[in-house]
Amino acid sequence: HLHISLQSGSKNVLRRMGRGHYDPGVLHGFCRSLRSAFPRYGLGADVLSGFPGETEADASETETFCAELPFTYAHVFPYSRRPGTPAAAWPDQVGEDVKKDRAARLRALFSARKETFLQNCLDLPVVHVALEGGEHAANGAPTGVNEFYADCVFAPGFAPDGSRHRRLVAAKPLAVDNGRLTVAAV
């Protein structure tokens, strides 16, 4: 599992953010190389929508870029002004409705990618779930995250003893439900 602070797939937006020293396109080759070493991996990103000066073309470029890479989840958030930062004073602020719309489009893209990734995880004979100490789903079942940073909830009947909390538990993926894997301890 890897998490990248991408922010944008648009070189123009990255330059305006002061991140013009890196090219998001480098990720394409990196992901191909990574896939040769790890056939399956979780790939997450932080993505910002509506940075001052972001055009619809910039937003579309980010969406296209994100659709081309094997992302399995993302933290998407609309830009918000931070007092004292240069961008807060720029005159080309993006409207709140536009920022929210762009963020919603990105969230929909990443939600579909996550669903596909989780469905593909059902083919795995076993995943390793790091139990979250004391955390339980609404049905009282223990929860955790697996090696791909996918949220997991244990099927009814699994009650870890105290020594297994905050440890890895081998589990068989059973189903996908509400954006997480239902698993059974093996």
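Tutor: Helix α4 gives the most to the lining of the largest cavity, with three residues. This is a predicted model, in which local features need pLDDT of at least 70 and side-chain atom pairs count only at pLDDT 80 or more, while totals for chains, interfaces and linings use all residues. Residues are numbered from 1 along each chain as its sequence is written, and side-chain values use heavy atoms, with hydrogens and water left out.

Student: What makes a space a cavity, and what makes it a pocket?

Tutor: On a 1 Å grid over the protein atoms alone, a cavity is a set of points where a 1.4 Å probe fits but cannot get out; a pocket is an open set with protein on both sides within 12 Å along at least five of seven lines. Lining residues have an atom within 4 Å of a point. Grid points are joined across faces, edges and corners, and a volume is the space filled by probe spheres set on the points. The search of the whole structure finds one cavity of 30 Å³ or more, and the largest cavity has a volume of about 40 Å³.

Student: Which residues line the largest cavity?

Tutor: Its lining consists of Leu48, Ser49, Glu54, Ala59, Glu63, Arg102, Arg105 and Leu106. Two or more of the lining residues come from each of β2, α3 and α4. Helices (H or I, at least four residues) and strands (E, at least two) are DSSP runs, numbered from the N terminus.

Student: How many of the cavity-lining residues are charged?

Tutor: Four are charged, three nonpolar and one polar. Asp, Glu, Lys and Arg count as charged; Ala, Val, Leu, Ile, Met, Phe, Trp, Tyr, Cys and Pro as nonpolar; the others, Gly among them, as polar.

Student: What is the volume of the largest pocket?

Tutor: The largest pocket has a volume of about 260 Å³. Of its 14 lining residues, the closest to its centre are Leu48, Phe51, Tyr79, Thr85 and Ala87. By class, the pocket lining has eight nonpolar, three polar and three charged residues.

Student: Why is the contact of Arg16 with Asp92 called a salt bridge?

Tutor: A salt bridge is a side-chain nitrogen of Lys or Arg within 4 Å of a carboxyl oxygen of Asp or Glu. The closest N and O atoms of Arg16 and Asp92 are 2.6 Å apart, so the pair qualifies. Arg16 lies in helix α1 and Asp92 in the loop between β3 and α4, 76 residues apart.

Student: Why is Lys99 called buried, and Glu96 partly exposed?

Tutor: Buried means under 20% relative accessible area, exposed over 50%, and partly exposed in between (1.4 Å probe, protein chains only). Lys99 has 3%, so it is buried; Glu96 has 48%, so it is partly exposed. Glu96 and Lys99 form a salt bridge, with the closest N and O atoms 2.8 Å apart. Both lie in helix α4, three residues apart, about one turn of the helix.

Student: How do you know that β2 and β3 pair?

Tutor: Two strands pair if DSSP finds at least two bridges between them. Six bridges join β2 (residues 43–49) to β3 (residues 73–78), so the strands pair, and they run parallel. Gly44 stands opposite Tyr73 in β3.
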